[in-house]
Amino acid sequence: MKQQTKSALFGILFIAILSVAAWFIAEIPAVKALSFSSLIVGILLGMVYANLTCLPRPVGEQAHVPASWGAGMKICSKTLLRTGIVLYGFRLTFQDIVAVGLPAVVIDIIVVAVTIFLGIWLGKLLKMDKETTLLTATGSAICGAAAVLGAEAVVKPESHKTAVAVSTVVIFGTIAMFLY
């Protein structure tokens, strides 16, 4: 097996282990009593891990995970996440849409449109670049980081702009989840 493939598999395995750990932790009765889903637990695990691995290190020693694992982690954050979003969307049927009724669909469309336009307006007001503004507004209006990554394929921004948009949406979404 090539070293690159092996490293990519380590990145995928790392993400899988964190995901399974989040799922199991979310099933602990005390965590369930706090109404923490596996998503919130996963976010907290990531925050704890990132902060523990950012402690001062000897010069030249890498933080977080080996850079060679990045390819596997990218597969998880791009390909698998997008595939999961599409598969999750298959759960929604036209009968489900009809069941909620036309008024609810119209309200959803209005809320999404207003949120996107408000986000774009705020981005202009804050003098943000157009790509980051559009990605952040899309993520805020639709479904968070997954929407940012979906829109990334259309907007085609530089990778750091996507990272800023995902971070912004995740940070404010996480705060909103805890407040809720």
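How many salt bridges does a search of the whole structure find? The search finds four, where a salt bridge is a side-chain nitrogen of Lys or Arg within 4 Å of a carboxyl oxygen of Asp or Glu. Hello everyone, and let me take you around.

Some housekeeping before the tour. This is a predicted model, in which local features need pLDDT of at least 70 and side-chain atom pairs count only at pLDDT 80 or more, while totals for chains, interfaces and linings use all residues. Residues are numbered from 1 along each chain as its sequence is written, and side-chain values use heavy atoms, with hydrogens and water left out.

Now the overall layout. The protein chain has nine helices and zero strands; helices (H or I, at least four residues) and strands (E, at least two) are DSSP runs, numbered from the N terminus. Read along the sequence, that gives the pattern α-α-α-α-α-α-α-α-α. The C-alpha trace spans about 55 × 45 × 35 Å along its principal axes. Of the 180 residues in the protein chain, 22% are buried. By buried I mean under 20% relative accessible area, by exposed over 50%, and by partly exposed anything in between (1.4 Å probe, protein chains only).

Next, helix packing. Two packed helices are described by the angle between their axes and the distance between the axes. Take α6 and helix α7 (residues 130–141): their axes come within 8 Å and cross at roughly 150°. Here axes are lines fitted to C-alpha atoms, for helices over the stretch in contact, and angles run from 0 to 180 degrees between N-to-C directions. α6 and α7 are therefore roughly antiparallel to each other. For that word, the cut-offs are under 35 degrees for roughly parallel, over 145 for roughly antiparallel, 65 to 115 for roughly perpendicular, and oblique for the rest. The crossing of α6 and α7 is right-handed; a crossing is right-handed if the near helix is turned clockwise from the far one by less than a right angle, and left-handed if anticlockwise.

Lys127 lies in the loop between α6 and α7, and its phi is near 60°, a positive value in a residue other than glycine. Lys156, in the loop between α8 and α9, has a phi near 55°, again positive. As background, most residues other than glycine have a negative phi. Lys127 counts as exposed at 75% relative accessibility, and Lys156 is exposed at 65%.

Back to the charges. Which residues are linked in a network of salt bridges? They are Asp129, Glu131, Glu158 and Lys161. Lys161 pairs with Asp129, the closest N and O atoms being 3.5 Å apart. Lys161 lies in helix α9 and Asp129 in the loop between α6 and α7, so this pair ties together parts that are 32 residues apart in sequence. Lys161 also forms a salt bridge with Glu131, with the closest N and O atoms 2.9 Å apart. Since Glu131 is in helix α7 and Lys161 in helix α9, the pair ties together parts 30 residues apart in sequence. Is Lys161 buried or exposed? At 14% relative accessibility, Lys161 counts as buried.

Elsewhere, Glu27 forms a salt bridge with Lys32, the closest N and O atoms being 3.2 Å apart. Glu27 is partly exposed at 38%, and Lys32 is partly exposed at 47%. Ser37, in the loop between α2 (29–33) and α3 (38–53), is 10 residues from Glu27 in sequence and 8.5 Å from it in space, C-alpha to C-alpha.

My last stop is a nonpolar surface patch of about 980 Å², whose residues include Leu102, Ile110, Trp121 and Met128. Patches are made of residues with over 30% relative accessible area and no salt bridge, joining like charges within 9 Å and nonpolar side chains (Val, Leu, Ile, Met, Phe, Trp, Tyr) within 5 Å. Accessible areas come from the Shrake-Rupley method with a 1.4 Å probe; for residues, only the protein chains shown count as cover. Leu102 sits in helix α6 (residues 102–125) and, at 63% relative accessibility, counts as exposed.
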